[in-house]
Amino acid sequence: MSSLKKLIKNSSLALVASLLLMGSTAQAQDAVAGKAIFEGNCTACHSLDADVVGPALKDVHKRRGDEWLTKFIKNSQELVQAGDKDAVAVYEKFNKVPMPAFGTSLSDEDVANVIAFIKAESEKPAEVVAEVPATPATDANAAASAAEADVAFMDLPPVLLFTFALAAIIILLTILVLVMMFRLFVPMLGDSIYDEDFRTSFAGRVLFLMRGDATLVTGKAKNEIHSHHDFDGIQEYDNDLPPWWKAMFYVSIVFAIGYMLHFHVFKTGALQTEEYEMEMEEAALIASKNVDDPNAVTNFEVLTDATALESGKALFNTNCAACHGQEGQGTVGPNLTDEYWLHGGDVNAIFKTVKYGVPAKGMVPWQGKLTKDQMLEVSSYILSLQGTNPAGAKEPQGEKM
């Protein structure tokens, strides 16, 4: 009897274990199927660990629940319009960019598989990235510059310190000699310093400037009427213009003549327009050395062969259709089949929009996810949609090209 009980007990445990194993296996299969659906429909706007166009999805099932997630995936705007607090909060937080309704394109099983994938990915432990010790700079010039920046004044070479000290002593001695000569010779001049000839000379003006007379700077007030017209009650005096003003006036005349000869007669200098064009060309050359610079000049040609366009169509359906529609008619994103463009309508402008995105308007950057050739194929395919006039196309946005 005891053997029978033991057998029944072991059989029960095996049955429970097999049921659990079958459940985990089924869940794993659902997650695998959900991954394919997620990558085909959701990765353009969502990441598990970071906010992109939409929120990060890690542990979202714990915050919202499966039922809410199913409703939101099928038709998020229906929940928003119904006043659901969580749906409205997400809609407001992410710039009121509506999530496409997947109720017609995904079945209940597909939605459940996507949720199973999110659960499976959320349960995975976070990857620990080992910190890589910073490698010391190998650039000799950079090391030298850093060393120079850290050197204190008193740590400079003795020869350089001696040179600074000697120069300071010479300047100080020069000032002392001038002061002593001033104090020695001025009294010897006596009242002759007040003679008009000496006082109007440059040496006399410097002397009286040191004694508080600002004539050297302001000019002399002669208090002589320049012309005898008093019918309006105004008298004009023949006073000197300030010498500093006259000096600047003469310098400006010389500068103007030199400027005219340099730029307009001999044409040895570049005018503003030419300088601007030269600087823009230089900036374009610098930008072209960095492939990730949005200002880099590109000169792609539209791809027209069937293989490239077919590849672009497949990439578009996988990555772009969620926001632009299967036919490019526009849903969350703009209509791509009309003549109006928000960020330029030639192949190079479209390529840059695809590559760098427009995060402020919900367009994610695809660099790092698509290769250069793939982005060019998508851009060429988008241009091939011009004038197709699909049903239910979104109204035009942007400027006509």
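First, the ground rules. This is a predicted model, where local features need pLDDT of at least 70, side-chain atom pairs count only at pLDDT 80 or more, and totals for chains, interfaces and linings use all residues. Residues are numbered from 1 along each chain as its sequence is written, and side-chain values use heavy atoms, with hydrogens and water left out.

Now the overview. The chain has 17 helices and 4 strands. Those are DSSP runs, numbered from the N terminus: helices are H or I with at least four residues, strands are E with at least two. Of the 401 residues, 25% count as buried. Buried means under 20% relative accessible area, exposed means over 50%, and partly exposed is in between, using a 1.4 Å probe and protein chains only. The chain exposes about 27800 Å². Carbon and sulfur atoms supply 62% of that. The areas come from the Shrake-Rupley method with a 1.4 Å probe; for residues, only the protein chains shown count as cover.

What about contacts? A contact means heavy atoms within 4.5 Å. Take contacts between residues at least 6 apart in sequence: 57% of them join residues at least 24 apart.

On to salt bridges. Side chains of opposite charge can pair when their charged atoms come close. Here a salt bridge is a side-chain nitrogen of Lys or Arg within 4 Å of a carboxyl oxygen of Asp or Glu. How many salt bridges does a search of the whole structure find? The count is 8.

Start with Lys119 and Asp66. Their side chains meet at 2.6 Å, N to O. This pair links distant parts of the chain: Lys119 is in helix H6 (residues 108-123), Asp66 is in helix H3 (residues 66-74), and they are 53 residues apart. Lys119 is partly exposed at 23% relative accessibility. Asp66 is partly exposed too, at 34%.

Next, Asp108 and Lys74. Their closest N and O atoms are 2.2 Å apart. Again, distant parts of the chain are linked: Asp108 is in helix H6, Lys74 is in helix H3, and 34 residues separate them. Lys74 is partly exposed, with a relative accessible area of 26%.

Then a pair inside one helix. Lys71 and Glu67 form a salt bridge at 3.7 Å, N to O. Lys71 and Glu67 are 4 residues apart in helix H3, so about one helical turn separates them. An α-helix has 3.6 residues a turn, so residues three or four places apart point the same way. Lys71 is partly exposed at 44%, while Glu67 is exposed at 58%.

There is also a network: salt bridges link Asp59, Lys62 and Glu123.

Next, the charged patch. Which residues form the negative surface patch? They are Glu274, Glu275, Glu277, Glu279, Glu281 and Glu282. Patches are made of residues with over 30% relative accessible area and no salt bridge; like charges are joined within 9 Å, nonpolar side chains (Val, Leu, Ile, Met, Phe, Trp, Tyr) within 5 Å. Glu281 sits in helix H13 (residues 272-288). Glu281 is exposed, at 55% relative accessible area.

Now the buried side. In helix H16 (residues 347-356), 9 of the 10 residues are buried, so the helix is largely enclosed by the rest of the structure. The buried residues include Val347, Ile350, Phe351 and Tyr356. Their cover includes strand S3 (340-341) and H17. After H16 comes Gly357, with a positive phi near 70°.

Ser380 is in helix H17 (residues 372-384). Is Ser380 buried or exposed? Buried, at 2% relative accessibility. Leaving out residues up to four places away in sequence, Ser380 touches Val302, Leu303, Leu309 and Val347.

Two prolines to finish. Pro390 lies in the loop between H17 and strand S4 (399-400). Pro390 is buried, at 12%. Beyond four places in sequence, Pro390 touches Glu327, Gln329 and Thr337. Pro390 and Gly330 are 60 residues apart in sequence, and 9.7 Å apart in space, C-alpha to C-alpha.

Pro100 lies in the loop between helix H5 (85-93) and H6. Pro100 is buried, at 16%. Its contacts, leaving aside neighbours within four places, are Ile73, Ala322 and Val332. Pro100 and Gly325 are 225 residues apart in sequence, yet 9.4 Å apart in space, C-alpha to C-alpha.

Technical notes:
Lys, Arg positive; Asp, Glu negative; His and termini not counted. Charge placed at Lys NZ, Arg CZ, Asp CG, Glu CD.
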